[in-house]
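Trainee: Could we go through this one term by term? I'd like to see each label set against its rule.

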Amino acid sequence: MTQPPPALTVEIDPRLLEILVCPVTHGPLTYDRDKGELISKGANLAYPIRDGVPIMLPEEARELS
């Protein structure tokens with residue numbers, strides 16, 4: 001039985017994280033390394049990072065439960 005490939009961790013430049021804000025609330029974002037997402041606690045949204053690029057579109061974000 002084969003094992004699934006390990007999850008790829010996405011690295012994001014800390015300087016980029018300092019200047020990015022949530023497009024909905026204009027508040028700060030936190031980086032979830034395990035899920036490869038930027039989290040906006042104010043908007044209760046998680047923005048994906050694809051190929052090292054944060055996708056900062058509200059319609060692409062998933063709602064946090």
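Trainee: Which residue in β3 is the bridge partner of I39?

Mentor: That's A46. Keep in mind that this is a predicted model, where local features need pLDDT of at least 70 and side-chain atom pairs count only at pLDDT 80 or more, while totals for chains, interfaces and linings use all residues. Residues are numbered from 1 along each chain as its sequence is written, and side-chain values use heavy atoms, with hydrogens and water left out.

Trainee: What makes β2 and β3 a pair?

Mentor: The rule asks DSSP to find at least two bridges between two strands. β2 and β3 are joined by 4 bridges and run antiparallel, so by that rule they pair. They form a hairpin with 4 residues between them, and N44 in the turn has a positive phi of about 60 degrees.

Trainee: How do you know that β1 pairs with β2?

Mentor: Same test: 3 bridges, antiparallel, with strand β1 covering residues 30-32. T30 has I39 in β2 as its bridge partner. The hairpin of β1 and β2 has 4 residues between the strands, and G36 takes a positive phi near 65 degrees there.

Trainee: Why is E37 called buried?

Mentor: Buried means under 20% relative accessible area, exposed means over 50%, and partly exposed is in between (1.4 Å probe, protein chains only). E37 is at 9%, so it counts as buried. E37 lies in strand β2.

Trainee: Which way do the residues of β2 point?

Mentor: E37 and I39 point one way, L38 and S40 the other way, and all are buried. In a regular strand the side chains alternate between the two faces of the sheet.

Trainee: Which residues is E37 in contact with?

Mentor: Leaving aside neighbours within four places in sequence, the list is T30, Y31, D32, A46, Y47, P48, I49 and R62. Contact means heavy atoms within 4.5 Å.

Trainee: What makes R62 and E37 a salt bridge?

Mentor: The rule wants a side-chain nitrogen of Lys or Arg within 4 Å of a carboxyl oxygen of Asp or Glu. R62 and E37 meet at 2.8 Å, N to O, so the pair passes. R62 sits in strand β5 (residues 62-63) and E37 in strand β2, 25 residues apart, and the pair links distant parts of the chain. Side chains of opposite charge can pair when their charged atoms come close.

Trainee: What about K41: buried or exposed?

Mentor: K41 is at 67% relative accessibility, so it's exposed. K41 is placed in the loop between β2 (37-40) and β3 (45-50).

Trainee: How much of the protein counts as buried?

Mentor: Of its 65 residues, 32%.

Trainee: Where is confidence lowest, and where is it highest?

Mentor: Lowest in helix α1 (residues 14-19), at a mean of 89, and highest in β5, at 98. Those are pLDDT values, the predictor's confidence in each residue, from 0 to 100. The protein's mean pLDDT is 88, and 85% of its residues reach 70 or more.

Definitions and conventions:
Helix = DSSP H or I, 4+ residues; strand = E, 2+ residues; numbered from the N terminus.
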